[in-house]
Amino acid sequence: MESSQLKKTTEVYDNNAAKYHAKFSKYEEYRRQVLGFADLLQPESRVLDMGCGTGVNAGLLSDAGHKVTGVDNSEGMLEVAAEHCRSAVFKYSSVLDYRPEDSYDAILLSFLIVHLTDDEADLLLRRVSGFLCRPGYLYISFMTGKAAGYETTSFSGSELFFNYYSSEVIRGKLEGEGFKLLRENSAPYVETDGTKTEDIFQIYTLL
């Protein structure tokens, strides 16, 4: 069952999908990180993009030659995704309840856990290994540097729930599920109020 935090956040994304896409569709740091992940994969890898949003990353992965399935809780975000990325398959589903029919070569969790409670993130990270072929790859990105809570953003006047994690905590959870860290990068992110947080980008393999 989804938390009230996730339900409220999904509603905000439903109502602000176009504004979100306008801000992040060409955000260079995120594009660079996802393209670096795409280059690690074998040609025509099957990729599951969980919390795919408006399909920005699905488009990058598809353009790199991979077969992408995107899943998201937000119907509004998926409508924008279907319009801007016609080469991927998009599905409306709770990311916490989704059960793929087939295994994937890679999974993308791009800033998904930032909208989940600790318990929801634990549940998701325990399940994803079961969605992967062996060997498989996992990309995960999140923020660190603040306490969890509701925040307004530059693309919405309404508050969304954001959760923050340390690199060490996420690594510990995933290594406990059999993943091995291959690469970690970070980059500063300046908030609309001028404060700074740190974006973390990790890539794992599952053998």
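Start with the lining of the second largest pocket: by class it has three nonpolar, six polar and three charged residues. Here Ala, Val, Leu, Ile, Met, Phe, Trp, Tyr, Cys and Pro count as nonpolar, Asp, Glu, Lys and Arg as charged, and the others, Gly among them, as polar.

Before you click further, note that this is a predicted model, where local features need pLDDT of at least 70 and side-chain atom pairs count only at pLDDT 80 or more, while totals for chains, interfaces and linings use all residues. Residues are numbered from 1 along each chain as its sequence is written, and side-chain values use heavy atoms, with hydrogens and water left out.

**Second largest pocket.** Select His21, Ser25, Lys26, Arg31, Thr54, Gly55, Val56, Gly59, Leu60, Asp63, His84 and Cys85, which line it. A pocket is an open set of points on a 1 Å grid over the protein atoms alone, where a 1.4 Å probe fits, with protein on both sides within 12 Å along at least five of seven lines; lining residues have an atom within 4 Å of a point. The volume is about 190 Å³, as the space filled by probe spheres set on the points, which are joined across faces, edges and corners. Helix 4 gives the most to this lining, with four residues. (Helices are DSSP runs of H or I, at least four residues, and strands are runs of E, at least two, numbered from the N terminus.)

**Largest pocket.** Next, go to the one with a volume of about 760 Å³. Colour the lining by class and you get 22 nonpolar, 16 polar and seven charged. Helix 1 is the top contributor, with four residues.

**Strand 6.** Among the elements that supply at least two residues to the largest pocket's lining is strand 6 (149-153). Gly149, Glu151 and Thr153 make up its covered face, Tyr150 and Thr152 the uncovered one. Click Gly149 and its bridge partner Phe162.

Where does Cys52 sit, buried or exposed? It is buried (under 20% relative accessible area), at 7%. Its sulfur is 9.0 Å from the closest cysteine sulfur, in Cys85, so a bond is out of reach. Cys133 is in no disulfide either, with the nearest cysteine sulfur, that of Cys52, 20 Å away. A search of the whole structure finds zero disulfides, meaning pairs of cysteine sulfur atoms within 2.5 Å.

Terms used. Buried < 20%, exposed > 50% of the residue type's maximum accessible area, 1.4 Å probe, protein only. Pairing = 2+ DSSP bridges.
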